[in-house]
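Visitor: I'm new to protein structures and would like to learn how to read one. Could you walk me through it?

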Amino acid sequence: MTEPKILKAAAVFGQFLAMFPFAVLMCGVGLNRYETWTYLAAYAVWTAFYAVGRLFGKLARELELSGKPSKKAQPVVLFLSRIAVIIPAAVFVFAVIALKITSMVFFYVLPAGIIAYFGAHGCTGKGYSDVFSRGWFALYFISAIIAAIMLWSTHEKELATNGIFQLCIGFALIILISSLLANQTNIDVCTKQRAGGKSVLPSGLRRYNALLITVICSVTIGLFLFARPLAELVKLVISLIVRGILFIFSSLGSLVQTDPGSTEPDPVPGDVGQIVPSEPASILANIVFVLLIFGMILLIFRLRKQIWSAIKSIFEPLFRKGNEGLDIPFYDEFLVSDSRKLTPRARRCAERELVKQYARENDPSRRYRFGYALFLLRLGKTDQPPIPADTTTAHREKGERAFETNLGGFSETYNRVRYGNSAPTAEELARQEEFLNDIK
(Lines give C-alpha, C1' and ligand atoms only; values in the text may rest on other atoms or scores of the structure.)
Protein backbone atom coordinates (compact mmCIF):
# COMPACT_ATOMS: atom_id res chain seq x y z
CA MET A 1 0.00 0.00 0.00
CA THR A 2 3.00 2.30 0.44
CA GLU A 3 3.86 2.56 -3.26
CA PRO A 4 0.37 3.66 -4.44
CA LYS A 5 0.28 6.36 -1.74
CA ILE A 6 3.68 7.68 -2.80
CA LEU A 7 2.63 7.65 -6.45
CA LYS A 8 -0.63 9.41 -5.61
CA ALA A 9 1.29 12.07 -3.69
CA ALA A 10 3.67 12.51 -6.64
CA ALA A 11 0.68 12.91 -8.97
CA VAL A 12 -0.85 15.61 -6.75
CA PHE A 13 2.54 17.36 -6.54
CA GLY A 14 2.65 17.29 -10.34
CA GLN A 15 -0.75 18.99 -10.48
CA PHE A 16 0.44 21.83 -8.25
CA LEU A 17 3.72 22.07 -10.16
CA ALA A 18 1.76 22.54 -13.40
CA MET A 19 0.43 25.84 -11.99
CA PHE A 20 3.93 27.17 -11.23
CA PRO A 21 4.10 29.44 -14.35
CA PHE A 22 1.12 31.39 -12.96
CA ALA A 23 3.13 32.13 -9.80
CA VAL A 24 6.14 33.23 -11.86
CA LEU A 25 3.88 35.54 -13.87
CA MET A 26 2.41 36.97 -10.69
CA CYS A 27 5.86 37.86 -9.35
CA GLY A 28 7.63 38.78 -12.57
CA VAL A 29 4.89 40.69 -14.40
CA GLY A 30 2.44 41.59 -11.66
CA LEU A 31 4.86 42.67 -8.91
CA ASN A 32 8.15 43.11 -10.83
CA ARG A 33 10.03 41.20 -8.14
CA TYR A 34 10.46 37.61 -7.00
CA GLU A 35 9.70 37.03 -3.32
CA THR A 36 9.31 33.74 -1.50
CA TRP A 37 6.28 34.85 0.51
CA THR A 38 4.42 35.67 -2.72
CA TYR A 39 4.90 32.12 -3.99
CA LEU A 40 3.76 30.72 -0.65
CA ALA A 41 0.66 32.96 -0.60
CA ALA A 42 -0.31 31.94 -4.15
CA TYR A 43 0.07 28.25 -3.37
CA ALA A 44 -1.90 28.65 -0.14
CA VAL A 45 -4.82 30.03 -2.17
CA TRP A 46 -4.56 27.20 -4.69
CA THR A 47 -4.44 24.64 -1.88
CA ALA A 48 -7.70 26.07 -0.52
CA PHE A 49 -9.33 25.82 -3.97
CA TYR A 50 -8.01 22.27 -4.32
CA ALA A 51 -9.37 21.22 -0.91
CA VAL A 52 -12.84 22.62 -1.64
CA GLY A 53 -12.88 20.96 -5.06
CA ARG A 54 -11.87 17.66 -3.49
CA LEU A 55 -14.64 18.01 -0.89
CA PHE A 56 -17.45 18.66 -3.38
CA GLY A 57 -16.13 16.03 -5.76
CA LYS A 58 -16.11 13.45 -2.99
CA LEU A 59 -19.64 14.37 -1.91
CA ALA A 60 -20.94 14.05 -5.48
CA ARG A 61 -19.24 10.67 -5.89
CA GLU A 62 -20.60 9.33 -2.58
CA LEU A 63 -24.12 10.41 -3.51
CA GLU A 64 -23.78 8.70 -6.87
CA LEU A 65 -22.52 5.47 -5.32
CA SER A 66 -25.20 5.48 -2.64
CA GLY A 67 -27.93 5.39 -5.29
CA LYS A 68 -30.05 7.95 -3.43
CA PRO A 69 -30.51 10.39 -6.31
CA SER A 70 -32.22 8.92 -9.36
CA LYS A 71 -30.41 8.60 -12.67
CA LYS A 72 -32.13 11.74 -13.88
CA ALA A 73 -31.02 13.65 -10.79
CA GLN A 74 -27.38 12.51 -10.89
CA PRO A 75 -26.37 14.94 -13.69
CA VAL A 76 -27.92 17.77 -11.68
CA VAL A 77 -25.91 16.80 -8.59
CA LEU A 78 -22.72 16.65 -10.66
CA PHE A 79 -23.49 20.04 -12.20
CA LEU A 80 -24.08 21.63 -8.80
CA SER A 81 -20.83 20.19 -7.45
CA ARG A 82 -18.98 21.76 -10.37
CA ILE A 83 -20.50 25.23 -10.21
CA ALA A 84 -19.72 25.25 -6.50
CA VAL A 85 -16.38 26.69 -7.60
CA ILE A 86 -18.04 30.10 -7.20
CA ILE A 87 -17.89 29.61 -3.40
CA PRO A 88 -14.06 29.70 -3.03
CA ALA A 89 -13.86 32.20 -5.91
CA ALA A 90 -16.25 34.60 -4.14
CA VAL A 91 -14.36 34.26 -0.85
CA PHE A 92 -11.11 35.00 -2.68
CA VAL A 93 -12.55 38.10 -4.38
CA PHE A 94 -13.93 39.49 -1.10
CA ALA A 95 -10.60 38.82 0.67
CA VAL A 96 -8.64 40.66 -2.04
CA ILE A 97 -10.97 43.66 -1.87
CA ALA A 98 -11.00 43.75 1.94
CA LEU A 99 -7.23 43.46 2.26
CA LYS A 100 -6.67 45.93 -0.62
CA ILE A 101 -4.40 43.53 -2.48
CA THR A 102 -3.33 44.41 -6.00
CA SER A 103 -5.87 43.52 -8.67
CA MET A 104 -3.18 41.62 -10.57
CA VAL A 105 -4.06 38.54 -8.53
CA PHE A 106 -7.35 38.29 -10.44
CA PHE A 107 -5.40 37.68 -13.65
CA TYR A 108 -2.79 35.23 -12.34
CA VAL A 109 -3.89 33.62 -9.07
CA LEU A 110 -7.65 33.23 -9.62
CA PRO A 111 -7.46 31.32 -12.97
CA ALA A 112 -5.00 28.83 -11.48
CA GLY A 113 -7.26 28.47 -8.43
CA ILE A 114 -10.19 27.52 -10.67
CA ILE A 115 -7.96 25.00 -12.45
CA ALA A 116 -6.97 23.56 -9.06
CA TYR A 117 -10.64 23.22 -8.08
CA PHE A 118 -11.62 21.25 -11.17
CA GLY A 119 -8.41 19.25 -11.05
CA ALA A 120 -9.26 18.05 -7.54
CA HIS A 121 -12.93 17.56 -8.38
CA GLY A 122 -12.18 15.41 -11.42
CA CYS A 123 -9.62 13.11 -9.78
CA THR A 124 -11.79 12.04 -6.86
CA GLY A 125 -11.74 8.26 -6.55
CA LYS A 126 -9.20 7.82 -9.37
CA GLY A 127 -5.74 6.28 -9.42
CA TYR A 128 -2.48 8.15 -9.69
CA SER A 129 -2.29 7.68 -13.46
CA ASP A 130 -5.59 9.57 -13.87
CA VAL A 131 -4.74 12.21 -11.27
CA PHE A 132 -1.72 13.47 -13.24
CA SER A 133 -2.67 13.12 -16.88
CA ARG A 134 -1.00 14.52 -19.98
CA GLY A 135 -3.27 17.54 -19.74
CA TRP A 136 -1.31 18.81 -16.72
CA PHE A 137 1.97 18.46 -18.60
CA ALA A 138 0.46 20.36 -21.53
CA LEU A 139 -0.83 23.02 -19.11
CA TYR A 140 2.68 23.66 -17.81
CA PHE A 141 4.21 23.64 -21.29
CA ILE A 142 1.72 26.11 -22.78
CA SER A 143 1.50 28.41 -19.75
CA ALA A 144 5.31 28.47 -19.45
CA ILE A 145 5.66 29.60 -23.08
CA ILE A 146 3.07 32.34 -22.52
CA ALA A 147 4.81 33.37 -19.30
CA ALA A 148 8.19 33.56 -21.05
CA ILE A 149 6.75 35.76 -23.81
CA MET A 150 5.13 38.08 -21.28
CA LEU A 151 8.33 38.29 -19.23
CA TRP A 152 10.39 39.29 -22.27
CA SER A 153 7.77 41.87 -23.20
CA THR A 154 8.54 43.74 -19.96
CA HIS A 155 11.98 44.68 -21.41
CA GLU A 156 13.51 43.97 -18.00
CA LYS A 157 16.37 41.66 -18.97
CA GLU A 158 17.33 40.53 -15.46
CA LEU A 159 13.70 40.01 -14.45
CA ALA A 160 12.96 37.99 -17.59
CA THR A 161 16.14 35.91 -17.28
CA ASN A 162 15.43 34.94 -13.66
CA GLY A 163 11.82 34.09 -14.41
CA ILE A 164 12.65 31.93 -17.44
CA PHE A 165 15.34 30.17 -15.42
CA GLN A 166 12.70 29.27 -12.80
CA LEU A 167 10.36 28.03 -15.54
CA CYS A 168 13.11 25.80 -16.93
CA ILE A 169 13.75 24.28 -13.51
CA GLY A 170 10.03 23.61 -13.10
CA PHE A 171 9.88 22.07 -16.57
CA ALA A 172 12.72 19.70 -15.70
CA LEU A 173 10.92 18.65 -12.51
CA ILE A 174 7.61 18.04 -14.29
CA ILE A 175 9.41 15.91 -16.89
CA LEU A 176 10.85 13.85 -14.02
CA ILE A 177 7.41 13.34 -12.44
CA SER A 178 5.82 12.54 -15.82
CA SER A 179 8.49 9.93 -16.56
CA LEU A 180 8.12 8.26 -13.17
CA LEU A 181 4.32 8.09 -13.31
CA ALA A 182 4.24 6.98 -16.97
CA ASN A 183 6.68 4.17 -16.17
CA GLN A 184 4.62 2.95 -13.21
CA THR A 185 1.39 3.22 -15.21
CA ASN A 186 2.81 1.04 -18.00
CA ILE A 187 3.87 -1.56 -15.43
CA ASP A 188 0.35 -1.62 -13.95
CA VAL A 189 -1.32 -1.87 -17.36
CA CYS A 190 0.90 -4.76 -18.42
CA THR A 191 0.40 -6.67 -15.17
CA LYS A 192 -3.37 -6.24 -15.31
CA GLN A 193 -3.42 -8.09 -18.62
CA ARG A 194 -1.77 -11.13 -17.08
CA ALA A 195 -3.41 -13.69 -14.88
CA GLY A 196 -0.66 -13.44 -12.30
CA GLY A 197 -1.18 -9.72 -11.82
CA LYS A 198 1.53 -7.91 -9.90
CA SER A 199 2.90 -11.20 -8.62
CA VAL A 200 4.64 -11.69 -11.98
CA LEU A 201 6.81 -8.61 -11.37
CA PRO A 202 10.42 -9.31 -10.39
CA SER A 203 11.27 -8.19 -6.90
CA GLY A 204 12.31 -4.54 -6.76
CA LEU A 205 11.42 -3.75 -10.40
CA ARG A 206 9.37 -0.68 -9.51
CA ARG A 207 12.07 0.68 -7.25
CA TYR A 208 14.81 -0.01 -9.78
CA ASN A 209 12.94 1.74 -12.62
CA ALA A 210 12.04 4.71 -10.42
CA LEU A 211 15.66 5.02 -9.24
CA LEU A 212 16.96 4.77 -12.80
CA ILE A 213 14.62 7.49 -14.08
CA THR A 214 15.36 9.70 -11.06
CA VAL A 215 19.14 9.43 -11.54
CA ILE A 216 18.95 10.18 -15.27
CA CYS A 217 16.64 13.16 -14.81
CA SER A 218 18.63 14.43 -11.83
CA VAL A 219 21.84 14.34 -13.86
CA THR A 220 20.07 16.19 -16.66
CA ILE A 221 18.80 18.84 -14.25
CA GLY A 222 22.27 19.13 -12.71
CA LEU A 223 23.81 19.63 -16.14
CA PHE A 224 21.27 22.36 -16.81
CA LEU A 225 21.91 24.12 -13.51
CA PHE A 226 25.67 24.06 -13.95
CA ALA A 227 25.66 24.46 -17.72
CA ARG A 228 27.57 27.73 -17.70
CA PRO A 229 30.55 26.67 -15.50
CA LEU A 230 30.68 23.28 -17.24
CA ALA A 231 30.70 24.99 -20.62
CA GLU A 232 33.56 27.22 -19.50
CA LEU A 233 35.49 24.17 -18.26
CA VAL A 234 34.94 22.26 -21.51
CA LYS A 235 35.88 25.35 -23.50
CA LEU A 236 39.10 25.71 -21.50
CA VAL A 237 40.04 22.04 -22.00
CA ILE A 238 39.38 22.19 -25.75
CA SER A 239 41.30 25.44 -26.01
CA LEU A 240 44.31 23.90 -24.26
CA ILE A 241 44.20 20.85 -26.53
CA VAL A 242 43.95 22.96 -29.69
CA ARG A 243 46.76 25.25 -28.52
CA GLY A 244 48.93 22.25 -27.76
CA ILE A 245 48.34 20.76 -31.22
CA LEU A 246 49.01 24.10 -32.92
CA PHE A 247 52.20 24.56 -30.87
CA ILE A 248 53.46 21.15 -31.95
CA PHE A 249 52.71 21.81 -35.62
CA SER A 250 54.22 25.29 -35.35
CA SER A 251 57.41 23.89 -33.80
CA LEU A 252 57.69 21.21 -36.48
CA GLY A 253 57.10 23.80 -39.18
CA SER A 254 59.78 26.14 -37.81
CA LEU A 255 62.28 23.26 -37.70
CA VAL A 256 61.60 22.38 -41.33
CA GLN A 257 61.78 25.98 -42.58
CA THR A 258 64.93 26.97 -40.62
CA ASP A 259 68.22 26.67 -42.57
CA PRO A 260 71.07 25.58 -40.27
CA GLY A 261 73.65 27.56 -42.27
CA SER A 262 71.71 30.76 -42.35
CA THR A 263 72.27 33.52 -39.88
CA GLU A 264 69.31 35.28 -38.39
CA PRO A 265 69.37 39.09 -38.35
CA ASP A 266 70.01 40.77 -35.04
CA PRO A 267 66.82 41.76 -33.29
CA VAL A 268 65.87 45.38 -33.32
CA PRO A 269 66.31 46.86 -29.83
CA GLY A 270 62.76 48.21 -29.77
CA ASP A 271 61.31 44.79 -30.63
CA VAL A 272 62.81 42.91 -27.70
CA GLY A 273 60.16 40.80 -25.93
CA GLN A 274 57.62 41.03 -28.76
CA ILE A 275 56.28 37.80 -30.21
CA VAL A 276 55.67 37.81 -33.94
CA PRO A 277 52.61 35.76 -34.94
CA SER A 278 53.47 32.60 -36.81
CA GLU A 279 51.76 32.40 -40.21
CA PRO A 280 51.95 28.56 -40.44
CA ALA A 281 50.23 28.28 -37.04
CA SER A 282 47.36 30.45 -38.29
CA ILE A 283 46.99 28.28 -41.40
CA LEU A 284 47.04 25.10 -39.33
CA ALA A 285 44.40 26.56 -36.97
CA ASN A 286 42.12 27.22 -39.91
CA ILE A 287 42.67 23.69 -41.20
CA VAL A 288 41.87 22.15 -37.81
CA PHE A 289 38.75 24.31 -37.51
CA VAL A 290 37.52 23.25 -40.97
CA LEU A 291 38.16 19.59 -40.15
CA LEU A 292 36.24 19.89 -36.88
CA ILE A 293 33.25 21.49 -38.64
CA PHE A 294 33.32 18.83 -41.35
CA GLY A 295 33.52 16.08 -38.73
CA MET A 296 30.52 17.50 -36.83
CA ILE A 297 28.44 17.69 -40.02
CA LEU A 298 29.40 14.12 -40.90
CA LEU A 299 28.53 12.91 -37.38
CA ILE A 300 25.12 14.65 -37.45
CA PHE A 301 24.38 13.15 -40.87
CA ARG A 302 25.43 9.69 -39.68
CA LEU A 303 23.24 9.91 -36.55
CA ARG A 304 20.35 11.77 -38.19
CA LYS A 305 17.83 8.99 -37.54
CA GLN A 306 18.73 8.68 -33.86
CA ILE A 307 18.61 12.48 -33.40
CA TRP A 308 15.24 12.75 -35.12
CA SER A 309 13.85 9.84 -33.05
CA ALA A 310 15.01 11.52 -29.83
CA ILE A 311 13.34 14.80 -30.81
CA LYS A 312 10.11 13.00 -31.74
CA SER A 313 10.09 11.03 -28.48
CA ILE A 314 10.34 14.28 -26.48
CA PHE A 315 7.54 16.19 -28.21
CA GLU A 316 5.30 13.32 -29.36
CA PRO A 317 3.06 13.33 -26.25
CA LEU A 318 2.25 17.01 -26.79
CA PHE A 319 1.30 16.80 -30.47
CA ARG A 320 -0.03 13.26 -30.83
CA LYS A 321 -3.09 13.14 -33.08
CA GLY A 322 -4.20 9.62 -32.34
CA ASN A 323 -7.61 8.60 -31.03
CA GLU A 324 -6.32 7.68 -27.60
CA GLY A 325 -8.91 8.19 -24.92
CA LEU A 326 -11.75 8.47 -27.44
CA ASP A 327 -14.45 5.90 -27.88
CA ILE A 328 -15.66 6.92 -31.33
CA PRO A 329 -15.02 6.80 -34.18
CA PHE A 330 -13.32 3.43 -33.85
CA TYR A 331 -12.03 0.89 -36.34
CA ASP A 332 -14.71 -1.70 -35.61
CA GLU A 333 -17.43 0.92 -36.26
CA PHE A 334 -16.49 2.12 -39.75
CA LEU A 335 -14.27 -0.67 -41.06
CA VAL A 336 -17.13 -2.86 -42.28
CA SER A 337 -18.57 -0.27 -44.64
CA ASP A 338 -15.17 0.90 -45.89
CA SER A 339 -13.40 -2.44 -46.29
CA ARG A 340 -15.27 -3.41 -49.47
CA LYS A 341 -14.06 -0.23 -51.21
CA LEU A 342 -10.39 -0.88 -50.48
CA THR A 343 -8.00 -1.96 -53.21
CA PRO A 344 -5.80 -4.98 -52.45
CA ARG A 345 -2.82 -2.69 -51.81
CA ALA A 346 -4.85 -0.33 -49.61
CA ARG A 347 -6.20 -3.34 -47.71
CA ARG A 348 -2.67 -4.57 -46.99
CA CYS A 349 -1.63 -1.10 -45.79
CA ALA A 350 -4.71 -0.86 -43.56
CA GLU A 351 -4.01 -4.29 -42.13
CA ARG A 352 -0.38 -3.44 -41.35
CA GLU A 353 -1.43 -0.24 -39.60
CA LEU A 354 -4.13 -2.06 -37.64
CA VAL A 355 -1.69 -4.77 -36.56
CA LYS A 356 0.67 -2.06 -35.25
CA GLN A 357 -2.10 -0.36 -33.26
CA TYR A 358 -3.25 -3.72 -31.91
CA ALA A 359 0.29 -4.57 -30.78
CA ARG A 360 0.87 -1.14 -29.18
CA GLU A 361 -2.44 -0.89 -27.31
CA ASN A 362 -2.20 -1.51 -23.56
CA ASP A 363 -5.81 -0.93 -22.54
CA PRO A 364 -7.55 -4.36 -22.51
CA SER A 365 -10.91 -3.14 -23.87
CA ARG A 366 -9.42 -1.11 -26.69
CA ARG A 367 -7.00 -3.92 -27.55
CA TYR A 368 -9.89 -6.37 -27.86
CA ARG A 369 -11.76 -3.97 -30.14
CA PHE A 370 -8.69 -3.53 -32.32
CA GLY A 371 -8.47 -7.32 -32.51
CA TYR A 372 -12.13 -7.55 -33.56
CA ALA A 373 -11.54 -4.92 -36.26
CA LEU A 374 -8.59 -7.00 -37.50
CA PHE A 375 -10.88 -10.02 -37.64
CA LEU A 376 -13.39 -8.07 -39.76
CA LEU A 377 -10.65 -6.88 -42.11
CA ARG A 378 -9.37 -10.42 -42.65
CA LEU A 379 -12.92 -11.71 -43.00
CA GLY A 380 -13.33 -9.25 -45.88
CA LYS A 381 -10.65 -11.15 -47.83
CA THR A 382 -12.70 -14.37 -47.77
CA ASP A 383 -15.83 -15.39 -49.68
CA GLN A 384 -17.90 -14.34 -46.65
CA PRO A 385 -17.17 -10.58 -46.41
CA PRO A 386 -19.08 -8.51 -43.83
CA ILE A 387 -21.56 -5.88 -44.96
CA PRO A 388 -22.74 -2.73 -43.11
CA ALA A 389 -26.09 -4.33 -42.18
CA ASP A 390 -24.45 -7.31 -40.44
CA THR A 391 -24.76 -7.71 -36.70
CA THR A 392 -22.17 -9.34 -34.50
CA THR A 393 -24.16 -12.56 -34.83
CA ALA A 394 -23.83 -12.38 -38.61
CA HIS A 395 -20.10 -11.71 -38.20
CA ARG A 396 -19.80 -14.81 -36.04
CA GLU A 397 -21.69 -17.01 -38.49
CA LYS A 398 -19.70 -15.78 -41.49
CA GLY A 399 -16.45 -16.16 -39.57
CA GLU A 400 -17.30 -19.72 -38.57
CA ARG A 401 -18.03 -20.62 -42.20
CA ALA A 402 -14.95 -18.84 -43.55
CA PHE A 403 -12.42 -20.00 -40.95
CA GLU A 404 -14.13 -23.27 -39.91
CA THR A 405 -13.97 -22.64 -36.18
CA ASN A 406 -16.34 -21.87 -33.33
CA LEU A 407 -16.52 -18.14 -32.62
CA GLY A 408 -19.29 -18.13 -30.00
CA GLY A 409 -17.05 -17.06 -27.13
CA PHE A 410 -15.22 -14.53 -29.32
CA SER A 411 -18.47 -12.82 -30.31
CA GLU A 412 -19.93 -12.85 -26.80
CA THR A 413 -16.82 -11.30 -25.31
CA TYR A 414 -16.84 -8.57 -27.95
CA ASN A 415 -20.50 -7.74 -27.22
CA ARG A 416 -19.71 -7.49 -23.53
CA VAL A 417 -16.68 -5.27 -24.15
CA ARG A 418 -18.25 -3.07 -26.82
CA TYR A 419 -21.73 -2.58 -25.37
CA GLY A 420 -21.40 -3.62 -21.73
CA ASN A 421 -18.33 -1.52 -20.89
CA SER A 422 -16.68 -4.60 -19.39
CA ALA A 423 -12.95 -5.27 -19.78
CA PRO A 424 -11.88 -8.67 -21.16
CA THR A 425 -9.88 -11.03 -19.02
CA ALA A 426 -6.30 -12.04 -19.71
CA GLU A 427 -7.47 -15.47 -20.92
CA GLU A 428 -9.91 -13.88 -23.39
CA LEU A 429 -7.17 -11.60 -24.74
CA ALA A 430 -4.85 -14.58 -25.13
CA ARG A 431 -7.51 -16.60 -26.99
CA GLN A 432 -8.20 -13.66 -29.30
CA GLU A 433 -4.50 -13.25 -30.09
CA GLU A 434 -4.20 -16.98 -30.84
CA PHE A 435 -7.22 -16.84 -33.13
CA LEU A 436 -5.87 -13.80 -35.03
CA ASN A 437 -2.56 -15.59 -35.55
CA ASP A 438 -4.43 -18.59 -36.99
CA ILE A 439 -6.32 -16.52 -39.60
CA LYS A 440 -3.37 -14.53 -40.95
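Visitor: Which residues are linked with Glu351 in a network of salt bridges?

Guide: Glu351, Arg378 and Lys381 are linked in that network. Keep in mind that this is a predicted model. To spot a salt bridge, look for a side-chain nitrogen of Lys or Arg within 4 Å of a carboxyl oxygen of Asp or Glu. Take Glu351 and Arg378: their side chains meet at 2.8 Å, N to O. Glu351 belongs to helix 15 and Arg378 to helix 16 (residues 364–379), so this pair ties together parts that lie 27 residues apart in sequence. Both Glu351 and Arg378 are buried, too.

Visitor: How many salt bridges does the structure hold?

Guide: There are 8. Another one joins Glu433 and Arg367, at 3.9 Å from N to O. Here Glu433 sits in helix 19 (residues 426–438) and Arg367 in helix 16, so parts 66 residues apart in sequence are tied together.

Visitor: Okay, back to helix 15. Which of its residues are buried?

Guide: First, the general idea: an α-helix has 3.6 residues a turn, so residues three or four places apart point the same way. In helix 15, the buried residues are Arg347, Glu351, Leu354, Gln357 and Tyr358. Looking down the axis of helix 15, you'd find these buried residues within an arc of 130°, so they line one face of the helix. On the other side of helix 15, Arg345, Ala359 and Arg360 are exposed.

Visitor: What is the reach of helix 15 from its first C-alpha to its last?

Guide: Helix 15 (residues 344–360) has 17 residues and reaches 25 Å. That's close to the 24 Å expected at 1.5 Å a residue.

Visitor: And how do I read a nonpolar core?

Guide: In soluble globular proteins, nonpolar side chains tend to be buried together. The largest nonpolar core here has 50 residues, and Trp46 and Leu167 touch the most other members. Among the elements giving two or more residues to this core are helix 1 (2–17), helix 3 (36–66) and helix 9 (157–192). Helix 2 gives the most, with 9 residues.

Visitor: What about Cys27, is it buried or exposed?

Guide: Cys27 is found in helix 2. Its relative accessibility is 0%, so Cys27 counts as buried. The C-alpha atoms of Cys27 and Tyr108 are separated by 9.5 Å, though the two residues are 81 residues apart along the chain.

How values were computed. Residues are numbered from 1 along each chain as its sequence is written. This is a predicted model: local features need pLDDT of at least 70, side-chain atom pairs count only at pLDDT 80 or more; totals for chains, interfaces and linings use all residues. Side-chain values use heavy atoms; hydrogens and water are left out. Helices (H or I, at least four residues) and strands (E, at least two) are DSSP runs, numbered from the N terminus. The expected span of a helix is 1.5 Å times one less than its number of residues. Buried means under 20% relative accessible area, exposed over 50%, partly exposed in between (1.4 Å probe, protein chains only). The arc is that of the directions from the helix axis to the C-beta atoms. A nonpolar core is a set of buried Ala, Val, Leu, Ile, Met, Phe, Trp, Tyr and Cys residues joined through side-chain atoms within 4.5 Å.
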